[in-house]
Structures are given as C-alpha cells and as structure tokens.
Amino acid sequence: MTATRQDAAGNSAVLGRVMRPLNSLVEKLIPSALVFAIALTFIVGALALIFTDAGPIQVVEEWGIGLAGLLEFITQMALILFLGYILANTRPARKLLRRLATVPRTAIQAYLFVFLIAALASLITWGLGLVVGGLLAREVAHVFRERQIPVHFPMLVASGFSGFVVWHMGYSASGPLTAATPDSFVAEQLGAPLPVGETIFSTWNIIACIVTIAVVALALYLVAPRDSSTVVPLKVDAREVDVEIDDAVETPADRVDASRIPTLLIGLMLVAYLIIHFSGGGSLTLDVVNWSFLGLIMLLVRSPFELIALTKQAASNVGEILLQFPLYAGILGIMAGTGLMTVISEAFVAISTAQTFALFAFLSAGLVNFFVPSGGGQIAVQAPILLEAAETLSVDPAIAIMAVAYGDQWTNMIQPFWALPLLAIAGLKMRDILSYTTIVLIASGIVFGATLLIVSM
C-alpha cells in the first residue's frame, strides 16, 4: 500500500475519499504561479475589451505603462521573503529549531507544536514562517525517528504549512503595511496612510488571530492519525545540512571578511535607527519591517563570509516571485487605465450592503488568490477595487484591507504555490497533505467570515 493510500486508510479515510477528486485536479491542472500571472493578464485584458470602451491598443499601452508601477513595492516584498529565509537559516536560528524539535513527546504534541511555532513565526514575517515550518517539521520527524516513535510525516508537513494561515494578520502583512506606507498606491487612493493600529494591531484582528490559531489547532487534533499502523514515517533524513561557508583566510582582505565586526556594526546601527524611528513617533511600514530583520540578521551572523553564503542560498527562492510582480503591476495598469476597476467596483457594490461587503470581499479575495498566489500581488490587483467599493458603501477601509488579507491567507491552504518548495524537499505531493490543509481551510474560514460579519455590524 502506498503512502497516500495508507493515509486514506487511517483516521481520515472518509475525508481522503472525498478529497481525492480535488487532489487529482490540483495535481493535473494547476500550472505554475508564473503561468497563472500570464493567464490573468490576458483574462483582464479581455475583460477590459468587453466591459469598457478601451480598444486593443489602449489595453496594451496601459499594460506597458503599468509594468513599472510597483517597482518599489516589488523590492519590498522580495526582501521580506529573502530576509526571512536568511534569518531562519542563521546558525542561532537553526540551533534553536533543533532544540525545539526535542520538545514534543508524542505524535499529537508534535503536530500541534509544529503548527504553533510555524504560526508564531508567520506572524513575525511570512518568509520566516514558511521556512521555519518546513525546517521544524523535518527536524521533529528526525527526532521521532531516532526515538522510534511513529509520527505521520505528511501531517507533520501539513501542520508546518498550516501555520501560514495567519501570516497576513501579523508583522509582515503586506496589505496593511502597504496601506500604512506613505506614498504607496493604497495610501494615495485613500488620501492618507492607514495606520496599522486600525488593521493588524486592532483589537478585533488580534482576537481573530488568537481564535484562528486555537480553532485550527483543535481541527488538527481531531483529524490527526492515531492508529500507528496507518502512519507514514520519514523514510530518509530530509534535513538540510548547514550552509557551507568558504571562510579560508589567506589575505588581509579575507581577515576582514571573516571578522564579526563589519556585520555587527551595521546591525547595531540599524537597531539604533529603529529606536530613533519609533521613539520619534515613526510608524510600522514595509521598509521598517525589512530593516528590522536585516538588523537582526547582521547581529546573528558571525561574519560577512557567512552572510554571503546565506545570501547565495536564499537568492534562488526569490527569483520566480520577482518575475511575477511586474505582471501584477501590468494587470493593475490595465484595470486602472481602462476603467475596468470602476466597472467591477460598481458591480460589486450592486450585490453588497455595508453589512455583507466584508464577507463578499473576503470570499472574492479567496478566489482571486488562486490566480494571484501572492499577498503583495493580490493587494496590488484587488485592493483598489475593493477600497473604491468600500468608499461607496461607507465601509471602514481598514475592514476592506483586512478582508483581502484574510482571503489571501485563507485559500493558500489549498493553493499549492507556497507549499511546493517544502513538498519537493520532503518528497511529498500536494495530495499527501491536502486533506489536512483543507480541514484548516474550513476551520479558519469560519473564523475569518464570522469576524468580518461581526466587525461590520
């Protein structure tokens, strides 16, 4: 019996049979995220031709003008993932993860522990959360194999990925942080930056985050395999080795590169800047988030040699995302320049009320996430439409921004883009974890939808 069939034969047999058609569809029909972005470009272009007065030449012209419209935003989002990856792979962080892997004593504890740590890391920064969830899942699986305690590796990986379901409610939330950044495209549309105190640090979002973590943890507990005969263990040691650092000292220049002093000085300077920034009343923005993580990295690495090695390793994880963002910017250019954004906004207003707007916005954002599997890209495409609709309905723009944020993080649980790197390393396929992450989708969706209905009253 294969690993997937063993999984279906256990505690989640019924769920596995129900999800099998969707598993097959996801595996066979969903292309890469880059192809999604390309397809969406032509879909939006076709919609502009159908529903506005724009002709083909204007559509192409607006698209071309829009390509460069989010260059600063692209850099900010790439840095969040890039720096999060480096931070998670610094020696102190890896050492901490290996120590944390010894904490859970039973399989159930392992699933919940990996989810909780991944969720907390995702709230710090989504790039860190993705990497930490994967690394910790593998470390825990290795520890349990050495202890000869059965643990279901597919669910352990699913638990690590499930922590990602709250990333857009935390410190690196691209939508709220973009809205809070002066001169961003969202701030320009609103007429002023939207403080994070009204979005990610609002009381209702913090409560929703806590409830989401609790409800998802309960859902994972209920579906966790308990029959050891159905457990699929880690077959090989899938852990990554520490980054190899070429720190041979042969010249005076090498001594500088091998010294802790250069990175330490820059790290301390960044910390000093952040203290001055916040003590002077400065706000939390995408730039401030990135500089805080850069400062922490500089303090944790032992030398420029180590930082260079970590940078080389992290660079391969950013390339595809960088390639997608100009396409999202072009899509935004078509929607804004042809008037398609106004057409969609008016249609959205026609089916919404002030009380139901947030729920519809959340559901639409969840759907759009299948085609734009990036929080930053989705904010670029969808936020302008929803903010215009929210203004028409006299809905708080903070609710509109968080509705997009909730929808984006919600359907990540069944959209394979962000899970693919981890699955490749783990030797699993999306169908191996999809039955578990679908439960997370259902559980978190109930909390998100209920939250938005309550705050809209």
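Reader: In which loop is the place of D183?

Author: The model under discussion is a predicted one. In it, D183 has a positive phi of about 70° although the residue is not a glycine. The place of D183 is in the loop between α10 (174-180) and α11 (185-190).

Reader: Does D183 count as buried or exposed?

Author: Residues count as exposed when their relative accessible area is over 50%. D183 has 67% relative accessibility, and therefore it counts as exposed.

Reader: What is the phi of Q148 near?

Author: Q148 lies in the loop between α8 (126-147) and α9 (153-162). Because its relative accessibility is 73%, Q148 counts as exposed. Its phi is positive, in a residue other than glycine, and is near 60°.

Reader: How many of the 18 residues of α7 are buried?

Author: Helix α7 covers residues 107-124 and reaches 26 Å from its first C-alpha to its last. That reach is close to the 26 Å expected at 1.5 Å a residue. The helix is mostly covered, and the number of its 18 residues that are buried is 13.

Reader: How far apart in space are F348 and F360, C-alpha to C-alpha?

Author: F348 has its place in helix α18 (residues 340-350). With residues up to four places away in sequence not counted, F348 touches F357, F360, A361, S364, L386 and A389. F348 and F360 are 12 residues apart in sequence, and their C-alpha to C-alpha separation in space is 8.6 Å.

Reader: Is F348 buried or exposed?

Author: The cut-off for a buried residue is under 20% relative accessible area. F348 has 12% relative accessibility, so it counts as buried.

Notes:
Residues numbered from 1 in each chain as written. Predicted model: local features only at pLDDT ≥ 70, side-chain atom pairs only at ≥ 80, totals over all residues. Heavy atoms only, no water. Helix = DSSP H or I, 4+ residues; strand = E, 2+ residues; numbered from the N terminus. Buried < 20%, exposed > 50% of the residue type's maximum accessible area, 1.4 Å probe, protein only. Expected span 1.5 Å × (residues − 1). Contact = heavy atoms within 4.5 Å.
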